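Please look over the fold and the surface of the protein shown here before reading the notes.

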Amino acid sequence: KVDGSGDALKQIKECNYQQKYLADGKRIILIGIDFDSNSRNVVGFAWDAVK
């Protein structure tokens, strides 16, 4: 997420992007990365295991 408020992982969970992969039976890791367009750097990183 670019210039977000540190909520990239929250957005992934709310939009339920992982849903179509749940039936595969594999471990799913959600990764949210926040970028700052001014500094052109990563300003936040979060992850969570779903399965």
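Predicted model: local features only at pLDDT ≥ 70, side-chain atom pairs only at ≥ 80, totals over all residues.

**The hairpin**

- Strand β1, which covers residues 29-36, and strand β2, which covers residues 41-49, run antiparallel and are joined by eight bridges.
- Within this pairing, Ile33 stands opposite Phe45 in β2.
- Four residues lie between β1 and β2 in the hairpin that they form, and in the turn Arg40 has a positive phi of about 55 degrees.

**Overall dimensions**

- The radius of gyration of the protein is 12 Å, whereas a compact globule of 51 residues would have one near 10 Å.
- Taken along the principal axes, the box that the C-alpha atoms fill is roughly 40 × 15 × 10 Å.

**Burial, contacts and surface**

- Of the 51 residues of the protein, 18% count as buried.
- When contacts between residues at least 6 apart in sequence are considered, 34% of them join residues at least 24 apart.
- The accessible surface of the protein comes to about 4,000 Å², and carbon and sulfur atoms account for 50% of that surface.

**Charge**

- The protein has 8 positive and 7 negative charges, and the mean positions of these two groups are 8 Å apart.

Methods: Residues numbered from 1 in each chain as written. Heavy atoms only, no water. Pairing = 2+ DSSP bridges. Helix = DSSP H or I, 4+ residues; strand = E, 2+ residues; numbered from the N terminus. Rg over C-alpha atoms; globule rule 2.2 N^0.38 Å. Buried < 20%, exposed > 50% of the residue type's maximum accessible area, 1.4 Å probe, protein only. Contact = heavy atoms within 4.5 Å. Areas by Shrake-Rupley, 256 points an atom, 1.4 Å probe, with all protein chains shown as cover. Lys, Arg positive; Asp, Glu negative; His and termini not counted. Charge placed at Lys NZ, Arg CZ, Asp CG, Glu CD.
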